[in-house]
Amino acid sequence: MTFVGVTGMIDPPRKEVADSVRTCRQAGIRTIMITGDHKVTALAIAKELDIYREGNTVVSGEELDTMTDDELDDAVKTTTVFARVSPADKLRIIQSLKRTGEVAAMTGDGVNDAPALKAADIGCAMGITGTDVAKGASDMTLMDDNFATIVSAVREGRGIYDNIKKAVAFLLGTNIGEVLVTFIAMLLWNQAPFLSMQLLWINLVTDSLPAIALGMEAIDPNVMDRQPKPKKEGIFANGLGIQVVLQGVMFAILSLIGFRVGSQVTGAIEGGRTMAFLVLAFAQILHAYNMRSHKSLFKTGLFTNKYLNLASLVSTALMCLVLFVPPIASVFGLIRLPMKLYMLGFGLAVVPVVVLEIVKAFGLVKHHK
């Protein structure tokens, strides 16, 4: 026999995977390769993708079979490559990761991946090559079978979660202010600072529209530089709950000042209600800009959220309609104020912006790192 040559084959990783793995590392997400390939082959690919680094370990299916659950729990902390594994091994690895406190996402396409996909916190099936069984066992399906799509989904998810927190904090802060100003005014002066129709209008116009716009805020460019939030961390962690309450107290104080000054200057409770209505409504509209980011408003950009700009314009126009059109104002129990009161009212409405900018400058507004 005459030796002619040798033919070799390789199934190379996609070009974008290396960048995605690097992004995951920056975001505090550990990428683990679980494959049926030989240990040497798997290690070579893992090094190419930067999944394997000095100090990491590689575990084969044979080694995995000899490990107890406790030994596996120790191994998964440093192992980035599992080679020559069986479907049962994949399930054990996922269960081990969850036991050690990790949030485990698993990708797969075959029938034998279904148990591990089902056991994972987030099962990701392949939409093109994946079987129906794998898709049925998963929480999400990748329509392009691309690992980079998972990274994009993580980025989008973090942005959505941030926006939910902003909208919830904004709505709670403003509503706490409304409750406090009514309660304190009744307690001190036995007078209601708002009519029910006025409060309903504020909730409809200056609460709802800006809150919806905050939910459409652009994703922070540095969102993938943060570490994952702890599994048990609540939405009001990192002092957000205290900030919401303090913001509500600030709204109440400003509105009470407006109510008292308006009542004394005009000599009528309607003047006080008009003043309190003006201060609270416009303070909430401006405060929506504060809630866009934990960074200074001038660093974020004053008008970069076009949806919030539109919501603010609509809210302002509707408020002006109620305040300055006499037939509509009378329906809401409002009266015309002296010019100096309008100037004072708008000045009080700007106070939350000034206060939050000072607080942010001193780093008192915390954010998950």
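Student: Which cysteine sulfur is closest to the sulfur of Cys-24, and how far away is it?
Tutor: This is a predicted model, and in it the closest cysteine sulfur to that of Cys-24 belongs to Cys-124, 11 Å away. That is too far for a bond.

Student: OK, what is a disulfide anyway?
Tutor: It's a covalent bond between the sulfur atoms of two cysteines.

Student: Is Cys-24 buried or exposed?
Tutor: Buried: its relative accessible area is 4%, and the cut-off for buried is under 20%. Cys-320 comes out at 27%, so that one counts as partly exposed.

Student: Switching topic. What order do the strands of the sheet come in?
Tutor: The order is β1-β3-β2, in an open sheet of three strands with parallel pairing. At the edges are β1 (33-34) and β2 (57-60), each pairing on one side only.

Student: What holds strands together in general?
Tutor: Strands of a sheet pair through backbone hydrogen bonds, and the pairing can be parallel or antiparallel.

Student: And how many bridges join β2 to β3?
Tutor: Four, with β3 covering residues 79-83. If you want a spot to look at, find Ser-60, which stands opposite Ala-83 in β3.

Student: Which helix packs on the sheet?
Tutor: That's α2, residues 39-48. Helix α2 touches β1, β2 and β3, and its direction makes about 140° with that of β3.

Student: Now the greasy part. Which residues touch the most other members of the largest nonpolar core?
Tutor: There are 34 residues in that core, and the ones touching the most other members are Phe-194, Trp-201, Phe-277, Phe-282, Met-319, Leu-323 and Leu-334. Several helices give two or more residues to it, including α8 (147-189), α9 (196-214) and α13 (306-324). The largest share comes from α11, with ten residues.

Student: Pick Met-319. What is it in contact with?
Tutor: Leaving aside neighbours within four places in sequence, Met-319 is in contact with Trp-201, Val-205, Thr-206, Phe-277, Ala-281, Phe-282 and Ile-285. Apart from this core lies another one, of 21 residues, with Val-59, Met-67, Ile-93 and Ala-116 among them.

Student: Last one: how far apart are the end C-alpha atoms of α10?
Tutor: They are 39 Å apart. The helix has 27 residues, so at 1.5 Å a residue it should span 39 Å, which agrees.

Student: What follows α10?
Tutor: Gly-267, and its phi is positive, near 75°.

Definitions and conventions:
Residues numbered from 1 in each chain as written. Predicted model: local features only at pLDDT ≥ 70, side-chain atom pairs only at ≥ 80, totals over all residues. Heavy atoms only, no water. Core = buried A, V, L, I, M, F, W, Y, C linked by side-chain atoms within 4.5 Å. Buried < 20%, exposed > 50% of the residue type's maximum accessible area, 1.4 Å probe, protein only. Contact = heavy atoms within 4.5 Å. Pairing = 2+ DSSP bridges. Axes fitted to C-alpha atoms, helices over the stretch in contact; angles between N-to-C directions. Expected span 1.5 Å × (residues − 1). Disulfide = S-S within 2.5 Å.
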